[in-house]
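Open the model in your viewer and keep the selection panel at hand. This tour goes stop by stop.

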Amino acid sequence: MTVKHIARRTLFAGTITTLTVVAAAWLTYSYRQSDAAASAAPAALPEVVVSEPLVREVDSRLGFLGQFSAVEQVELRAQVGGTLTEIHFKDGDVVQEGDLLFIIDPRPYEIRLAQANAQLGTATARLELADRELVRAQALQRSLAGTAQNVDQRTADQRAAQAAVDDAKAQIRDAEFDLEHCRITAPFTGRIGTHLVSVGNLIAGSRAATTPTTLLATMVSLDPIWLDFDMSESDFLQYSRGRARAKGGDADKVEIALSDETRFARQGTLDFVDNALNRSSGTIHARATVANPDHLLTPGEFARVRLVVGAPVQALLVPDAAVVPDQAQHMVMTVGPDSTVVPKQVEVGDLQGGLRVIRSGLAPNDRVIIDGIPRAAPGAKVAPQNGTIRYAAAAGAG
């Protein structure tokens with residue numbers, strides 16, 4: 001190969017190398033420019049769904065959490081002692097008033113009753129004798145054959161015999177009382193709990209409970225049943241003013257929903273409000289009576305209570321999830337004209353139609369954030385999207 005050819009090949013190789021270096025530098029520069037442009041692009045604003053509050057005519061209502069309690073409840077304890085011989089119920093049964101529940105061995109009390117009857121027979125015989133002797137003593141005194149002292153003695157004997165008869169009769173009534181209370185019956189219709197003493201155990205009894213007695217079982221009444229709840233001072237004032245304006249018994253009607261119910265289908269009558277507020281809690285105790293013919297309601301069970309205290313008025317409603325609790329207050333997040341999140345403190349009412357009633361703090365034209373609240377920090381910019389608030393009529397305003 002000649003020198004001329006070698007020079008041409010060397011020049012060609014140098015040219016290729018130079019082009020490769022330039023291309024690599026250009027690609028590196030392009031990538032850096034793309035990264036810079038990407039980093040300079042503004043971050044996307046968080047999207048939220050907004051809607052104006054729903055304006056609807058609703059009743060003025062107060063909502064509370066209540067707990068059922070029995071109108072009547074009793075601890076069954078024996079008034080006489082002895083051995084428990086029979087149990088006539090199954091644990092948890094609904095028993096009727098007068099049903100036989102327990103029997104305590106009656107034989108010691110039957111013996112005592114027989115002794116009291118015998119004592120009465122003896123006392124009666126002595127009284128009859130004392131009566132005859134008094135009559136004879138009085139006859140002798142009239143015929144001047146007897147003395148006044150003898151008459152006085154026979155009179156005293158007759159009174160002592162009469163006292164013995166009265167005492168014997170009292171002993172009989174006492175023995176009969178004890179014998180009757182060997183049979184323990186249901187004092188009212190209700191549900192009985194588990195038996196706490198088994199057959200064969202020795203029962204300690206006392207009429208006046210002056211000595212420790214044995215607890216046999218407990219009973220609660222079921223129909224009707226009480227529903228107890230507490231009102232705050234402001235709710236009590238609102239209820240009192242509404243009751244003063246209401247006519248008839250509507251002011252005392254309460255609507256009730258159990259924990260697994262969405263509709264307030266049950267009703268009761270508010271028949272007791274305490275005479276003073278509790279100083280420590282700032283509440284006043286109230287109680288409604290509720291019919292319970294199917295025995296579904298049980299003492300100790302919780303329920304929601306709704307009390308109508310005013311005529312229907314225009315109100316603003318928002319989804320309950322749109323209300324943010326802030327310690328003792330409540331906040332609603334809104335979006336201003338410049339797409340900035342603006343929190344507003346509100347006063348809330350009860351739930352109606354699945355929505356929360358807003359008593360104050362919100363305007364009808366406010367754009368409330370109904371979805372995306374976790375992405376809506378106060379003062380931050382957001383991208384609002386229009387949504388709709390719907391009233392769930394099937395929820396029974398609950």
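The model is predicted.

**Stop 1: helix H3.** Select residues 148-180, which form helix H3. At 1.5 Å a residue, these 33 residues should span 48 Å, and the end C-alpha atoms are 48 Å apart, which agrees. Now colour the buried residues of H3, among them Val151, Thr155, Gln158 and Ala161. Further buried residues of H3 include Val165, Ala168, Ile172, Ala175 and Asp178.

**Stop 2: helix H2.** What covers the buried residues of H3? Select 107-142: this is helix H2, and it is part of that cover. Within H2, pick alanine 139. Alanine 139 is partly exposed, with a relative accessible area of 35%.

Stop 3: Show the side chains of aspartate 174 and arginine 112. They meet in a salt bridge, 2.1 Å from N to O. Aspartate 174 sits in helix H3 and arginine 112 in helix H2, so the pair ties together parts that are 62 residues apart in sequence. Arginine 112 is partly exposed at 27% relative accessible area. The structure holds 15 salt bridges.

**Stop 4: the largest pocket.** Select Leu62, Gly63, Gly349, Asp350 and Arg356. Of the 19 residues that line the largest pocket, these lie nearest its centre. The pocket holds about 320 Å³ of space. Which element gives the most to its lining? Strand E18 does, with five residues. By class, the lining has six nonpolar, five polar and eight charged residues.

**Stop 5: arginine 356.** Stay on this residue. Arginine 356 is buried, with a relative accessible area of 18%. It forms a salt bridge with aspartate 320, with 2.9 Å between the closest N and O atoms. Arginine 356 is in strand E19 and aspartate 320 in the loop between E15 and strand E16, so the pair ties together parts 36 residues apart in sequence.

**Stop 6: the second largest pocket.** Select Ser60, Val313, Ala315, Val357 and Arg359. These lie nearest the centre of the second largest pocket, which 15 residues line. Its volume is about 190 Å³. End on arginine 359, which forms a salt bridge with glutamate 347, the closest N and O atoms being 3.5 Å apart.

Technical notes
Residues are numbered from 1 along each chain as its sequence is written. This is a predicted model: local features need pLDDT of at least 70, side-chain atom pairs count only at pLDDT 80 or more; totals for chains, interfaces and linings use all residues. Side-chain values use heavy atoms; hydrogens and water are left out. Helices (H or I, at least four residues) and strands (E, at least two) are DSSP runs, numbered from the N terminus. The expected span of a helix is 1.5 Å times one less than its number of residues. Buried means under 20% relative accessible area, exposed over 50%, partly exposed in between (1.4 Å probe, protein chains only). Contact means heavy atoms within 4.5 Å. On a 1 Å grid over the protein atoms alone, a cavity is a set of points where a 1.4 Å probe fits but cannot get out, and a pocket is an open set with protein on both sides within 12 Å along at least five of seven lines; lining residues have an atom within 4 Å of a point. Grid points are joined across faces, edges and corners, and a volume is the space filled by probe spheres set on the points. Ala, Val, Leu, Ile, Met, Phe, Trp, Tyr, Cys and Pro count as nonpolar, Asp, Glu, Lys and Arg as charged, and the others, Gly among them, as polar. A salt bridge is a side-chain nitrogen of Lys or Arg within 4 Å of a carboxyl oxygen of Asp or Glu.
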